[in-house]
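This briefing walks through a protein structure topic by topic, with the cut-offs behind each term given where the term is used. Please keep the sequence and the coordinates at hand while reading.

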Amino acid sequence: MEWRNVANLSQLEDRDCAEVDGLMVMRHAVTAEYLAKFPKLACVVRMGVGYDKIDRTAAAARQVMVCNVPDYGTTEVADHALALALSLRRGIALHLEAQRRPQPAPWSYLRRLAAPAQRRADLRIVGLGRIGTAAALRAKAFQFRVVAYDPYMPNGTELGVGVERIGSLEALMEQTDTLSIHAPLRGDTRNDLARHAGAHAEGSVVVNTARGPIVDVEALADLLKRGHLAGVGLDVLPVEPPVEPIPELLRAYRARETVCEGRLIVTPHSAFFTPEAWDDTRRKAAETMRAALVGPRAAERHHTGDVLREGPTWPRSGI
């Protein structure tokens, strides 16, 4: 096995690509153009859960198997989502900003929080897959009333988890206190949540630990400035790392504008990370690759990720 640290696959030398049977990638896009660099390629393993950066249609045309590692980082991302939500709802971020000023705020609680915590608050989840389910179970421990929307969730799944199910995104947004996004990136989720939040989720907190392009961050900036949203927690952005011109929301955040203080938390796509999760994804990706290249007998003995078919479908397991 060979390791290469490059900004994108175009930086790989042709001699490195010529003999490659299997490719494991973390954050790099794998397009039809890049696939053509590997004449012997048989398998691509995405070292993570999401696989939106892999052109599965082009891979299928080349008869290249595409797999992911669906069962790593589940608890870490769920923990991170709840941490963002609670930090905003409990006013922890607001107190942090107040107490770090050159002339600190009075040594006392703040009577008006950016997103007041309620005794009986809703947590509404988009996508009840592995991570969404883990987030739901954590929220229930904090006595949130958990409501989920997932059009691909089999009937009765919500009963096993002990949450409520709702039939549309519009209905999910109504009277929500906190929205946590755990959906995959696909055509019908791109930029979709900001539009619905703008119409329905007044006074709520929105947390996204899934994929950046699901939420239009420019729309979020407008919603925050107008006071429509009480708080936003983002672990993902549409372009990572952000490049100029950076989104208005991130610019205001870095400038520490008043509208963002205590109401916006941004983390650099770190929800998945712990040393254990990092080891998990590398080990499981390697085991999946071995199983794919060696054959069915190896698959019986080693971890195998999901085999992903061509086409932009939302898997029934969610994400």
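**Sheets, rings and charges**

Val126 stands opposite Tyr149 in strand S5, where strands are DSSP runs of E with at least two residues and helices are runs of H or I with at least four, numbered from the N terminus. This is a predicted model, in which local features need pLDDT of at least 70 and side-chain atom pairs count only at pLDDT 80 or more, while totals for chains, interfaces and linings use all residues. Residues are numbered from 1 along each chain as its sequence is written, and side-chain values use heavy atoms, with hydrogens and water left out.

- Strands pair when DSSP finds at least two bridges between them, and seven strands form an open sheet with parallel pairing, in the order S6-S5-S4-S7-S8-S9-S10.
- At the edges of this sheet are strand S6 (164-165) and S10, each of which pairs on one side only.
- Within the sheet, strand S4 (residues 122-126) and strand S5 (residues 145-149) pair in the parallel sense over five bridges.
- Helix H10 (residues 217-225) packs on the sheet and touches strand S9 (231-234) and S10, with its direction making about 155° with that of S9; contact means heavy atoms within 4.5 Å, and axes are lines fitted to C-alpha atoms, for helices over the stretch in contact, with angles from 0 to 180 degrees between N-to-C directions.
- Gly227 is placed in the loop between H10 and S9, and its C-alpha lies 10.0 Å from that of Arg263, a residue 36 places away in sequence.

**The three-stranded sheet**

- Three strands form an open sheet in the order S1-S2-S3, again with parallel pairing.
- Strand S1 (22-25) and S3 are the edge strands, each pairing on one side only, and the twist averages 15° from one strand to the next.
- S1 and strand S2 (residues 43-46) pair in the parallel sense over four bridges, and Gly22 stands opposite Cys43 in S2.

- Helix H4 (residues 74-89) has 16 residues and reaches 23 Å from its first C-alpha to its last, close to the 22 Å expected at 1.5 Å a residue, the expected span being 1.5 Å times one less than the number of residues.
- H4 is mostly covered, with 12 of its 16 residues buried; buried means under 20% relative accessible area, exposed over 50% and partly exposed in between, for a 1.4 Å probe and protein chains only.
- Just after H4, Gly91 takes a positive phi of about 80°.
- Glu97 is found in helix H5 (residues 92-99), is buried at a relative accessible area of 15%, and touches Arg256, Glu261 and Gly262 when residues up to four places away in sequence are not counted.

**Aromatic pairs**

- The structure holds two aromatic pairs, counted for rings of Phe, Tyr and Trp (its six-membered ring) with centres within 6.5 Å; planes under 30 degrees apart count as stacked, over 60 as edge-to-face and the rest as tilted.
- Tyr72 and Phe272 form an edge-to-face pair, 6.2 Å centre to centre with 65° between the planes.
- Tyr72 lies in the loop between strand S3 (65-67) and H4, and Phe272 in the loop between strand S10 (264-266) and helix H12 (275-294), so the pair ties together parts that are 200 residues apart in sequence.
- The rings of Phe272 and Phe273 have centres 5.9 Å apart and planes at 80°, so this pair is edge-to-face.
- Phe272 is buried at 13% relative accessibility, whereas Phe273 is partly exposed at 44%.

**Salt bridges**

- A salt bridge is a side-chain nitrogen of Lys or Arg within 4 Å of a carboxyl oxygen of Asp or Glu, and by this rule the count comes to 21.
- Lys284 and Asp71 meet in a salt bridge at 3.5 Å, N to O; Lys284 lies in helix H12 and Asp71 in the loop between S3 and H4, so the pair ties together parts that are 213 residues apart in sequence.
- Arg145 forms a salt bridge with Asp122, the closest N and O atoms being 2.9 Å apart, and Asp122, Arg124, Arg145 and Glu164 are linked in a network of salt bridges.
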